[in-house]
Amino acid sequence: MKIQVKQQENNGIHFHLSNKSVSLVIESTQDGYVFLRHFGKKIRNYHASNRPQALDRAFSPGPYADSRCFSLDTQRQVYATAGMGDFRYPAIMIANEKDQGLDLRLLTYEVQDGVVPIAGLPSSHANQKAAQTLKLVLEDRVLAIQVVLFYTLFAESTVIATHVEVTNNSQQGYTIEKLHSAMLDLEHCNYELIELAGAYAREKTLQKTPLKQGLMSVNSRRGASSHQATPFTCLAAPTTNEEQGEVIGMHLLYSGDFEAGVFVDQLATTRMFIGLNHETFRWQLEPQATFTSPEALLTYTDQGFGQMTQDMHDFVKAHILTGQHQNALRPILLNNWEATYFDFDEAKILALADKAVEAGIELLVLDDGWFGQRNDDNTSLGDWFLNEAKLPKGLANLVEQVNQKGLQFGIWVEPEMVSVTSELYRQHPDWCLHMAKRPHLYSRNQLVLDLSREDVQNYLIEAMSTVFASANISYVKWDMNRNMTCVASALQQHGIKEISHRYILGLYKILTALIEKFPHILFESCSGGGGRYDLGMLAYMPQTWTSDNTDAICRLNIQYGTSFIYPAITMGAHVSAVPNHQVGRITSLATRGAIAMAGNLGYELDLTQLPQTELTEIAQQVQTYKAIRPIIQAGDLYRLLNPTTTPNETAFLYISKDKTEAVVTYCKVLAQAESPTTVLRLKGLDETARYRDTKTQQCYGGDELMHVGVTIPLARTDFYTVTFHFQKC
Ligand code: DGJ
């Protein structure tokens, strides 16, 4: 990694940031305008080979009376403002009653070692010597507003982190009306916009759309990053595949409302952006106050989606996940949700524990229904004391018994919510988000607590600490089962459009406190499945429940989309009962196991109801997963066949970092008559090594497996899977 700063003869400056394979070149002009000259493949030096032409573009205004050839409207900007001649989609908007322009010019710059952590928000971490940051300090002299752009390089990664800080150095207040975290003006628009869209139980559905002139937006205004969108987009040349082609990506470390996308202008240049969703965000910036944006990540590769994925997976594992569990192998769990729903008692939980032990499972998770009067989903959220009718001998006693059997114990909570039928709501009806004169809007019959309030934050830290300290709890599933409506605070301390962001700041404050207090607990975040599966949550909780949809075939798509950016170690994947509870499909236990083994394997079905043959099969699966777990959770992913291009066939491969072991999974959805033979060519192996198929003991050269391939045996059955495990001989 290197940050070169070169003074130019014309008083401009070139800032050239480069890591292993990416260069970012920014030029400041003699008048302090800051423009993007290159973001893409690494170059050694920049000599302005692509300098812009001075052209008089109609209807593009500029600041120089003697030149019609300079307009911010036609420059590749680094961080675009509104009201000063650039009519495209701005990154920042600031106003008071008298002024709504912002003329940002470079004041000074600084290069420093390490990352720049953001107070109150998640950000990438690295050792002081393993990262370097460029700070560009821009200023609007009229408003006395300072805007600092941060760009951080990492020694071992191709990802660049960036964020923005705004300070009001004047004596008057301003409103920040829009603040994006990252922006890139790209020289053409010959790309497809790729996003992970979806719905509840259909999360992370990959969607590609060719660019068109104007605005294309990927966003959430649900108060959470949401099932429907992911705070990520990438642009790819239309011919890009897993192995080749340019991909430019943007990610936001944030869990609330966001906006990402592109604006293609009249001259076919593309502005790519990501940041807070300006529709639901405003911030009052008082004199001398500073506001900091969430962090964004920029990625570039010319080696296709596969490389983009590996770069992100490595980055998430090294720089986003934290704490004791950062890269620790995840325990195989049994969750009682689909096994019992709300209908359980101590005897049932202990019976499940016995079966889990028999199968070699390592952690038992007690899901929803253990507290208050919670026998269905209409009551008790907020009453975080034991449901004594179900567990009369107490939680600590239950956990002790589970521990004695040799299992760790985990528990479910949904702290951000309150049921109207609860002690908490009776005591504090004003603690939920609501608008004073409007009736509540219910979703799953619950309301959202107002996490923008300090008293609510403190109460939740206290209430959760009491639960987590009440027994030997090793794991917590932190759920969140509705989106925000009636977003207003009874306190009315702040502007109403600040509440969504203040909620997320409150959430991060609570998580920081709890994680500090309980560093040994493995936290899994959940929002009705993947409704808040984002880098913001991953910075606190190193794994996520990917989807409430546990059907193996639906999971092919969900896990494919998820795998695009998030590594398997973060991705909860469970084997559940058939007919599947979400879609009614019947698949074999082998298929359910093979697909769930692509993530953090767990089980979520009533093991006490299974025949011995299936229990034995589960025990074998658990044993297999224990053997391949380090390959899946710490290795590299190669996607071989994708459900978007070959909907009937999916195949993926995990290889250990040292290339000594590889696990291949193939799935064919529907059987076909006279089906062509599939020969799968593997990727990423050591070509010169020999690998043994652990089932047949047959050895093959790495080059043979990669360039000739392995034959997939034909089978006359739907939902068919085959797995291979190769070990270097
Ligand atoms: C939604 C989660 O995604 C499920 O796994 C389960 O925990 C339920 N909530 C419990 O209410």
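H325 counts as buried because its relative accessibility is 18%, where buried means under 20% relative accessible area, exposed over 50% and partly exposed in between, with a 1.4 Å probe and protein chains only. The model is predicted: local features need pLDDT of at least 70, side-chain atom pairs count only at pLDDT 80 or more, and totals for chains, interfaces and linings use all residues. Residues are numbered from 1 along each chain as its sequence is written, and side-chain values use heavy atoms, with hydrogens and water left out.

- H325 lies in the loop between α1 (304-320) and β21 (333-335); helices (H or I, at least four residues) and strands (E, at least two) are DSSP runs, numbered from the N terminus.
- Between H325 and F523 there are 8.9 Å in space, C-alpha to C-alpha, although the two are 198 residues apart in sequence.
- Q401 belongs to helix α4 and is partly exposed, with a relative accessible area of 25%.
- A separation of 7.8 Å is found between the C-alpha atoms of Q401 and L350, which are 51 residues apart along the chain.

**Ligand site**

- The ligand has 13 residues around it, of which D367, D368, K477, D479 and D548 come nearest; a residue is near a molecule if one of its heavy atoms lies within 4 Å of it.
- By class, the shell around the ligand consists of four nonpolar, three polar and six charged residues. Here Ala, Val, Leu, Ile, Met, Phe, Trp, Tyr, Cys and Pro count as nonpolar, Asp, Glu, Lys and Arg as charged, and the others, Gly among them, as polar.
- An N or O atom in the side chain of K477 is 2.7 Å from an oxygen atom of the ligand. A polar contact is a pair of N or O atoms within 3.5 Å; within protein, one must be able to donate a hydrogen and the other to accept it, and residues adjacent in sequence count only if both atoms are side-chain atoms.
- N481 places a polar side-chain atom 3.4 Å from a nitrogen atom of the ligand.
- G529 contributes a backbone N or O atom, which lies 3.0 Å from an oxygen atom of the ligand.
- On its own the ligand has 290 Å² of accessible area, and the protein covers 98% of this. Accessible areas come from the Shrake-Rupley method with a 1.4 Å probe; for residues, only the protein chains shown count as cover.

**Helix α7**

- Helix α7 (residues 499-517) has 19 residues and should span 27 Å at 1.5 Å a residue; its end C-alpha atoms are 27 Å apart, so the two values agree. The expected span is 1.5 Å times one less than the number of residues.
- Among the buried residues of α7 are H501, R502, Y503, Y508 and L514.

**Aromatic pairs**

- The structure holds 28 aromatic pairs. Rings of Phe, Tyr and Trp (its six-membered ring) pair if their centres lie within 6.5 Å; planes under 30 degrees apart count as stacked, over 60 as edge-to-face and the rest as tilted.
- One of the pairs, W337 with F342, is edge-to-face, at 5.2 Å centre to centre and 90° between the planes; W337 and F342 are buried.
- The pair of W370 and W384 is tilted, because its planes stand at 40°, with the ring centres 6.0 Å apart.
- W370 and W384 are 14 residues apart, and each is in the loop between β22 (363-366) and α4 (395-404); both are buried.
- Y33, F35, Y64 and F70 are linked into a cluster by ring pairs.

**Backbone geometry**

- V578 and P579 are joined by a cis peptide bond with omega of about -10°. P579 is in the loop between β29 (571-576) and α10 (589-596).
- S226 is not a glycine, yet has a positive phi of about 90°. The loop between β13 (214-220) and β14 (232-236) contains S226, which is buried, with a relative accessible area of 2%.
- S380, also a residue other than glycine, has a positive phi near 80°. S380 is placed in the loop between β22 and α4 and counts as buried at 1% relative accessibility.

- T162 is in strand β9 (residues 160-168) and is buried, with a relative accessible area of 4%.
- The backbone oxygen of F150 is reached by the side chain of T162 at 2.8 Å.
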